[in-house]
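Please open the structure in your viewer and keep the selection tool at hand. The tour below goes from one selection to the next.

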Amino acid sequence: MLFGASGYTGARVAAAMVARGLRPVLLGRDDAKLAALAGRLGGLDTAYADVADRTSLMEQIRADDVLVSTVGPFHKLGWVAIRAAVDAGATYLDSAGEAPFIRSAYEWFGPEAEGTGAALLIAFGHRYVPGVLAGALALRDAGPAAERVDVGYFGTGRGRLLSRGSVHALLGIAFEPGYAFRRGGLRDEPAGRRRRTFAVEGRPRPGLSVGASEQFALPRLAPQLRAVDVYLEERSAVVRPALGITSLVGRVRTARTAAWILAGYATRRLPAAPAEAALARATVHVVAEAFDAAGAVLARTRLRAPEAYGLTADLLAWGAGRAAEHGVAGVGALDPVTAFGLDELVKGAAEAGVVVEA
């Protein structure tokens, strides 16, 4: 079941699913767009579902379903889909990237899902599956002496690389509180508090700290970890100001409400899709480094992948197909390594174009 299929990311996920031999049911509120997409993809089934009508989605989902949601911004619109999956005891994957939604999914919905038998795989796209994978590989190479992991996300390419929805989400969460994994536990910390550089293709690339999936996933895989930091590339024209604002006023409730209003206003005239020519030249680079207690690097993993939206589509298509055919290991809020196993995740990521570099 693919919710949000008529949007830019959703349509790409639908195409990736069909390319893998899947026949998803397309869910959304625009019947005309759904019908057109279903026709282009070989006559898929469609059904009406809308975040403004909770029952419309809940009536569609059963315990043996795999629900994939691309309806965002997730911190604003994503609650209906994850609630439907939890209540039904279904398997759920999404393309979320917003830290507040990820945290809520792990801390609030995860325990509920354990009770209903639901399996929740949050942020199963270019953020943050590659970083979890790279971190897990670095931890495997580092061994039990690893006490800290740093993960950095970077890109190559220029031009209009973000969809309107992605820009809206980044601007909208600019005033939301962030978090970090420090001193062996999750701590409140504004995004952008930390800055460091990573070597990417032989050049130093600066990044700013953010809350992500890795702060939840990697300590589960290596309980001895004392710190997990995730960094997004600083040079982005959207990431840098958004995280800078967050670090200043991330706890002001009225400012948080205003941020969503301003995000909608600022993005209303942006094209819905990124520029295809720019995407064709773009790549994603992820670096994970594991350190010992003294700060010495024990292991480093580098991943290279295609552009972000294609990567997200292929990862979600692989994950949904794998879950439908073989199930997942466990219930509650799961990281991709726990859900599928490290070796299977490496294979699935490779099918999505992720290359582990020497």
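Which strands each supply at least two residues of the lining of the largest cavity? They are β8 (179-182), β11 (203-210) and β12 (227-233), strands being DSSP runs of E of at least two residues and helices runs of H or I of at least four, both numbered from the N terminus. This is a predicted model, in which local features need pLDDT of at least 70 and side-chain atom pairs count only at pLDDT 80 or more, while totals for chains, interfaces and linings use all residues. Residues are numbered from 1 along each chain as its sequence is written, and side-chain values use heavy atoms, with hydrogens and water left out.

Now select the lining itself, which includes Tyr179, Ala180, Ser209, Val210, Val228, Asp229 and Val230; a cavity is a set of points on a 1 Å grid over the protein atoms alone where a 1.4 Å probe fits but cannot get out, and lining residues have an atom within 4 Å of a point. The largest share, 3 residues, comes from β12. The cavity has a volume of about 30 Å³, taken as the space filled by probe spheres set on the points, which are joined across faces, edges and corners.

Next, select α5 (residues 79-88) and α6 (residues 99-116), which pack at an angle of about 20 degrees with their axes 9 Å apart, the axes being lines fitted to C-alpha atoms over the stretch in contact and angles running from 0 to 180 degrees between N-to-C directions. Finally, show the side chains where Trp79, Ile82, Arg83 and Val86 in α5 meet residues of α6, including Phe101 and Phe109, contact meaning heavy atoms within 4.5 Å.

Conventions
1 Å grid on protein atoms, 1.4 Å probe; cavity = no way out; pocket = protein on both sides within 12 Å on 5 of 7 lines; lining within 4 Å.
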